Amino acid sequence: MPAGDAFTPDQLYDIEKAVRHAEEVSGLHFSVYVGGADSETRPFAIELLNELDDPDHSVLVYVDPAGRRLEIVTGSQAKRQLSDAAAGLAALTMQTSFATGDLTGGLVTGVQQLGAHGHQAPLLHANTEPHKL
Amino acid sequence: MIVEISGHSLLVFVGIPLLVVAVVALLVFAPSIANGPRYRPGLSWWAPPVWINGPTATKPDPANLPELPGAPGATATAGSGVARTTGGASASW
């Protein structure tokens, strides 16, 4: 394989756009890492999450194209908003695209899905006194 | 029987088909040339790691931090060694 970048500028733009959109929708911090792992993928992905500025409120999507592994890691607070079941659904979506060789499409769709699942509906009348008779 | 081939007929019967073949080949290969190598599952990965929306600044190395006054011999436990409960999902393809 010839040397080169993983993504073209257009593809990077699409992924960054999806990440920004997911952050706006959910209020969580999203990060995407594409590359090989030094060790086992899960501990490596958790290490990457801990390197982020606010790991507790972050979601890290780790893709190892060579090892064909995908890890979605949610921080301790982020996992309250984004359940493991929702992360699993997004992982399934990404897995399908990755298997056909579409890394960009899988990441864009998966991150969008994660953002949508992490969306919390605003609490209406949350601070008002209960109605008294 | 001797067939005379003029320059004009050579241009029409060889030049034009070659031109058509070249144009079709260009149209077929242009997208892959423009996009670069494509990811194919099962083959080796060639690109350096990419971290989109990663950490904004590199955190200081805990080993190089100045020692806190009043806490001699205390070892720093904060940093990447902190065990946090994380969630998420895994998949492979």
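## Getting started: chain B

Helices (H or I, at least four residues) and strands (E, at least two) are DSSP runs, numbered from the N terminus. By that rule, chain B has one helix and two strands, and along the sequence they come in the pattern α-β-β.

Before going further, some ground rules. This is a predicted model, in which local features need pLDDT of at least 70 and side-chain atom pairs count only at pLDDT 80 or more, while totals for chains, interfaces and linings use all residues. Residues are numbered from 1 along each chain as its sequence is written, and chains are lettered from A and ligands numbered from 1 in the order in which they are written.

How much of chain B is buried? A residue is buried if 20 or more other C-beta atoms lie within 10 Å of its own, exposed if 12 or fewer, and partly exposed in between, with C-beta atoms placed from the backbone. On that count, 8% of the 93 residues of chain B are buried.

Two strands pair if DSSP finds at least two bridges between them. Here five strands make an open sheet with mixed pairing, in the order 1(B)-1(A)-2(A)-3(A)-2(B). Strand 1 and strand 2 of chain B sit at the edges with a single partner strand each, so one side of each has no neighbour in the sheet. From one strand to the next, the twist averages 10°. (Axes are lines fitted to C-alpha atoms, for helices over the stretch in contact, and angles run from 0 to 180 degrees between N-to-C directions.)

Let's look at two of the pairings. Strand 1 of chain A and strand 1 of chain B run antiparallel and are joined by three bridges; A:Val34 has B:Val50 as its bridge partner there. Strand 2 and strand 3 of chain A also run antiparallel, with six bridges between them, and A:Val63 is partnered with A:Leu70.

A:Arg68 lies in the loop between strand 2 and strand 3 of chain A. Its phi is near 55°, a positive value in a residue other than glycine. A:Arg68 counts as partly exposed because it has 16 C-beta neighbours inside 10 Å.

Over in chain B, B:Asn53 is in the loop between strand 1 and strand 2. B:Asn53 has a positive phi too, about 60°, although it is not a glycine. With 21 C-beta neighbours inside 10 Å, B:Asn53 counts as buried.

## Helices against the sheet and each other

Two residues are in contact if their C-beta atoms, placed from the backbone, lie within 7 Å. Helix 1 of chain A lies across strand 1 of chain A and strand 1 of chain B, at about 155° to strand 1 of chain A. Helix 2 of chain A lies across strands 1, 2 and 3 of chain A plus strand 2 of chain B, at about 140° to strand 2 of chain A.

How do helix 1 and helix 5 of chain A cross? Their axes come within 8 Å and cross at roughly 5°. The two helices are therefore roughly parallel to each other (angles under 35 degrees count as roughly parallel, over 145 as roughly antiparallel, 65 to 115 as roughly perpendicular and the rest as oblique). Among the residues that meet are A:Ile15 and A:Val19 in helix 1 and A:Leu107 and A:Val111 in helix 5.

## The nonpolar core

A nonpolar core is a set of buried Ala, Val, Leu, Ile, Met, Phe, Trp, Tyr and Cys residues joined through C-beta atoms within 7 Å. The largest one has 42 residues, and A:Val59, A:Leu60, A:Val61 and A:Val111 touch the most other members. Strand 2 of chain B is one of the elements that each supply at least two residues, while helix 4 of chain A gives the most, with six residues.

Beyond its neighbours within four places in sequence, A:Val59 is in contact with residues including A:Phe30, A:Ile72 and A:Leu114. A:Met94, found in helix 4 of chain A, is buried, with 28 other C-beta atoms within 10 Å. Leaving aside its own neighbours within four places, A:Met94 is in contact with A:Leu70, A:Gly106, A:Leu107 and A:Gly110.

## Where the chains meet

The contact between the chains takes 49 residues from chain A and 32 from chain B. On the side of chain B that touches chain A, strand 2 of chain B gives the most, with six residues.
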